[in-house]
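My entries follow the structure.

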Amino acid sequence: METLTFLQTSWFALIGALLAGYALLDGFDLGAGSLLPFLAADDEEKLVVFNSIWPFWDGNEVWLVTGGAALFAAFPHAYATVFSGFYLAFMLVLFALIFRAVSMEFWYYDEKRRGLWSAAFVAGSLLPSLLYGVALGNVMVGIPLAESMEFTGNFFTLLRPYPLAIGLLGLFAILLQGVTYIAMKTDGAVQNRARSIFGRVWGLFIAAMALSFAATIVYMPESLSNPLVWISAAVSIAAWLLCRLFASGGKTGLSFAMSSLALLGLWGIVGATQFPNLVRATGNASLNITLYNASSSEKTLWVMLYIALIGMPIVIFYTFYVYRIFRGKVMITK
Amino acid sequence: MDVVLLSRIQFAVAAGFHFIFPPLTLGITLVILVIETLFLKSGEEIYKTISAFLIKILGLIFALGVATGIVLEFSFGTNWAQYSRLVGDIFGAPLAAEGILAFFLESVFLGVLLFGRNRVSRRMYWVSAFLVFLGSHLSGFWIIIANSWMQTPAGFAIEGGRAVLTDFNAAVFNPSTVIRFLHTMLAGWITGTLFLAGIAAWYLLNKRHEAMPKIIMKISLIIFIFSALAQFASGHSSSVQVAKTQPEKMAAFEALWKTTEGAPLSLFGIPVESERKTYLEVSIPKLLSLLVHFDPNAKIMGLDEFGPDERPPVLLPFMSYHVMIALGSLFALLAVLSAFMLIRQTAYASKWFLVSMIAAISLPHLANEFGWISAEVGRQPWAVYRVLKTADAVSVVVPAWQVLFSLIMFSMIYLLLFTVFVAILLKIVKKGPGAKAGGY
């Protein structure tokens, strides 16, 4: 393999890993936030949910920041096309993430308007959870692109059946992360609520997966000839089954781990379907944005690879360490 | 409306609002580190109480910094897609490095600072405070690298219309990186310490928590005195660097219309670009030449050396640069005064001093914003100096109405955020140190 190809492939994998890390980690706090109305009945219970994610959400969101910046650095054309092309959709995500970031603090201190801030937190969690999948579905099934790599569709181009199906699948995968996480990290009334809605979320996940499968048969059947897609799907479904098994056995940690594995399986499907494309072009494969025609120079990819290979193991090490510090059930100190 | 102008206004709003928070973080994490060090050494409870109070404030500030920072990172893709395509080979790398080497560090260990006091050893808690301090400063380092590369690009070649990296070290340590990094870190320390000194002054005026505000005041003032005096030297070298590497920017700062031997330093004036004339000008003869070249008769390039499509606007950079310097000078005076008050031990009791410390809280923010405006507007018409024009950097597929819509939304959201932020901050301050927080 040529050096440049090796670097481009490595960066495809690394960005995939960063975004998968984001999906797993921020997935559980976005999921918990989206399900807040079902998990907590009063302020005290909301505080339990908030406390379960408070020490982590900042660090979790950095996976998105770093993944986005890595996409910018390694494949600037893909970054430019997608973010300018999906302008209004990404603005909605940004507005939502702004409120998500501040509304826990605001809720805690601004006692008179707690209803408003918890609603902002729910909306700020729910909207990105749905729109990430919609965006992903679009770059997978293809968007209208010009020779200049610019997006030529409009806002409604983004709302086609296939992306919407992937959007729902992403949303329910994130909700499953959230509900299994809360079952693991809390006890008492909040845990009971998480357990009682678990079954429904679990069922919706597989329903969304079936829907996405149907959409794939209709809109991108060629991806079904890839054995890696089937293997990833099998991993995801097996993990999904085990998730239920562990949950009903009271093994909440393993149930969360299986939800995470199910989500990783979905990422496997995305990676296998996309490689070597980053953004497909509707109707004309020669206009696809790939890791070959969108990448930075060999030098930049090398420098970045060094930084990532030195930096990321350290990040993962101390992230593990800090999660261990806060292991166990959430306790409220008042 | 013009999409370039709208995109510029939106970026200015997003960056200007974001820039309220990181400088505070820089100064406050430094003060927290000092207080945690004192706690580690002495074990006295009072340091723990103070630190817990400051960390609560930091948590709020940090949440706003994160919320508004994400917007900026994605702005390059959403609003400046051509910029991303043409210089992404170089510009994306420091942003990614910032995430991997700095932002993770400060965010993950901030969780320990906020919630882990009873879960880790005293030493480990100190290490966490140190890592949050280190992470926030490293974060600033990579962001300054990215912005400095736009001011004084280096380590690249143009291939097929795109800037391609040829020398990473040269790009990172481009001619303005180190000077601008020091300048910005000192600005952050001034901002954070005057903020905390102002809060302490309020307690002292209202005779609350006697011992604690004295400690906060003392530590903050000592760091402030050092920073404000060092900023004088740093500001000077920053100006010299601008004069040497971006002469048209310095000419705009000083409204120097014509190339002059023995150029004067302008203190006040109202530059009118259409007439190429400065009204009500007050200046000191030959001082600009002396400051820049250490020679009172040295030649300084004027705006007439540059074509109409290659020179920056004059009024805004001139005004903001001068306001920044006026504020910087005020801080230096305040530093001397503070040193005097500390030595005479009247800093904690003198009513007029405490009132002026409260009044000073917002001034560093003004200096920061004006400094940033002069640096960015002074670089126009370029996005990357002499490499890429701002007008050619904007996204081509985003229509003006969409930018207008998002600009209106950002403005309203940020106004709301700022109002609630100030209200909550006042609430935390009124409750004061020692108030319990929920958590693990």
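**Backbone entries, then the interface**

I looked up B:Pro381 and found it in the loop between α13 (363-377) and β7 (382-384) of chain B. For these labels, helices (H or I, at least four residues) and strands (E, at least two) are DSSP runs, numbered from the N terminus. The bond joining B:Gln380 to B:Pro381 is a cis peptide bond, with omega about 5 degrees.

A note on the source: this is a predicted model, where local features need pLDDT of at least 70, side-chain atom pairs count only at pLDDT 80 or more, and totals for chains, interfaces and linings use all residues. Residues are numbered from 1 along each chain as its sequence is written, chains are lettered from A and ligands numbered from 1 in the order in which they are written, and side-chain values use heavy atoms, without hydrogens and water.

In chain A I checked A:Pro276. The peptide bond from A:Phe275 to A:Pro276 is cis, with omega near -5 degrees. A:Pro276 sits in the loop between α11 (252-274) and β1 (277-279) of chain A.

Next I looked for positive phi. A:Met149 has a phi of about 75 degrees, although it is not a glycine. I found A:Met149 in the loop between α7 (114-141) and α8 (161-185) of chain A. Is A:Met149 buried or exposed? A:Met149 counts as buried, at 14% relative accessibility. The cut-offs are under 20% relative accessible area for buried, over 50% for exposed, and partly exposed in between (1.4 Å probe, protein chains only).

B:Phe294 also is not a glycine, and its phi is positive at about 60 degrees. I placed B:Phe294 in the loop between α10 (287-293) and β6 (299-300) of chain B. B:Phe294 is exposed, with a relative accessible area of 76%.

Then I turned to the interface. The contact (heavy atoms within 4.5 Å) takes 77 residues from chain B and 74 residues from chain A. Together the chains bury about 6600 Å², 73% of it on carbon and sulfur atoms. Buried area here is the accessible area (1.4 Å probe) that two parts lose on being put together, summed over both.

How many salt bridges did I find between chain B and chain A? The count is one. The side chains of B:Arg85 and A:Glu150 meet in a salt bridge at 3.1 Å, N to O. The rule asks for a side-chain nitrogen of Lys or Arg within 4 Å of a carboxyl oxygen of Asp or Glu. On the side of chain B that touches chain A, α3 (45-78), α4 (81-115), β2 (162-165) and α14 (400-431) of chain B each supply at least two residues. The largest share, 25 residues, comes from α4(B).
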